[in-house]
Amino acid sequence: MIQIKKSKKGTLDEFILRPNPSMPWRVIKKIYLFFFIFILIISTILCYFGLYLAIPFYGIEVLLLGYALYFTCLKSTFYQIIRISSRLIEIKTIQGKKIIREEFNRDWSKFRLVTTYFNRPSYIVISSQGKNTRIGDFLCEKERLELFKKIS
């Protein structure tokens, strides 16, 4: 998902690149609660029949499901901000609390769309003074081509 913000004077363009989220946090919590209650019902039925050895496995299943849903939600906190001004190109890569900031001189830097072979997706690279940085790796192919046209 690409969000574009332009300043009124036209000297600063800002592109916010986010991965397409699979589900919102509210829906993930509802799904987890549904499966937790469902597994709790199954485990109480098994206790009624005296099958106590299956209960720890259901507990592990609930914990692993919670971990997988949390990890999926954590992936959506990753995004990039690209600011293009008249003199600088600033790229911020934000992953949770970790922020990586890179600055490039606009006159010496170049955006390239690198197409790959076989069935691999292309990627966008900004290069300046021997330093290459990939941007928008998590975008789909259509959005990546649109971003390259707008940045160039």
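Is Phe 35 buried, partly exposed or exposed at a relative accessibility of 34%? Phe 35 counts as partly exposed, where buried means under 20% relative accessible area, exposed over 50% and partly exposed in between, with a 1.4 Å probe and protein chains only. The legends below describe a predicted model, in which local features need pLDDT of at least 70, side-chain atom pairs count only at pLDDT 80 or more, and totals for chains, interfaces and linings use all residues. Residues are numbered from 1 along each chain as its sequence is written, and side-chain values use heavy atoms, with hydrogens and water left out.

**View 1. Helix 1, residues 25-48.** Helices (H or I, at least four residues) and strands (E, at least two) are DSSP runs, numbered from the N terminus. The 24 residues of helix 1 should span 34 Å at 1.5 Å a residue, the expected span being 1.5 Å times one less than the number of residues. The end C-alpha atoms of helix 1 are 35 Å apart, which agrees. Ile 28, Ile 39, Ser 43 and Leu 46 are the buried residues of this helix, and their cover includes helix 2 (55-75). Just after helix 1, Gly 50 adopts a positive phi of about 85°.

**View 2. A nonpolar patch on the surface.** The patch consists of Leu 33, Phe 36, Ile 37, Leu 40, Ile 41, Ile 45, Tyr 48, Phe 49 and Leu 51, which together have about 960 Å² of accessible area. Accessible areas come from the Shrake-Rupley method with a 1.4 Å probe; for residues, only the protein chains shown count as cover. Ile 37, found in helix 1, counts as partly exposed at 42% relative accessibility.

**View 3. Aromatic pairs, of which the structure holds five.** Among them, Phe 34 and Phe 35 are edge-to-face, 5.5 Å centre to centre with 70° between the planes. Rings of Phe, Tyr and Trp (its six-membered ring) pair if their centres lie within 6.5 Å; planes under 30 degrees apart count as stacked, over 60 as edge-to-face and the rest as tilted. Phe 34 is exposed, at 54% relative accessibility. Phe 34, Phe 35 and Phe 38 form one aromatic cluster.

**View 4. The pair of Phe 78 and Phe 138.** These rings are edge-to-face, 5.1 Å centre to centre with 85° between the planes. Phe 78 lies in strand 3 (residues 78-84) and Phe 138 in the loop between strand 8 (131-135) and helix 3 (141-151), so the pair ties together parts that are 60 residues apart in sequence.

Key. Patch = residues over 30% accessible without salt bridge, like charges linked within 9 Å, V, L, I, M, F, W, Y side chains within 5 Å. Salt bridge = Lys/Arg side-chain N within 4 Å of Asp/Glu carboxyl O. Contact = heavy atoms within 4.5 Å.
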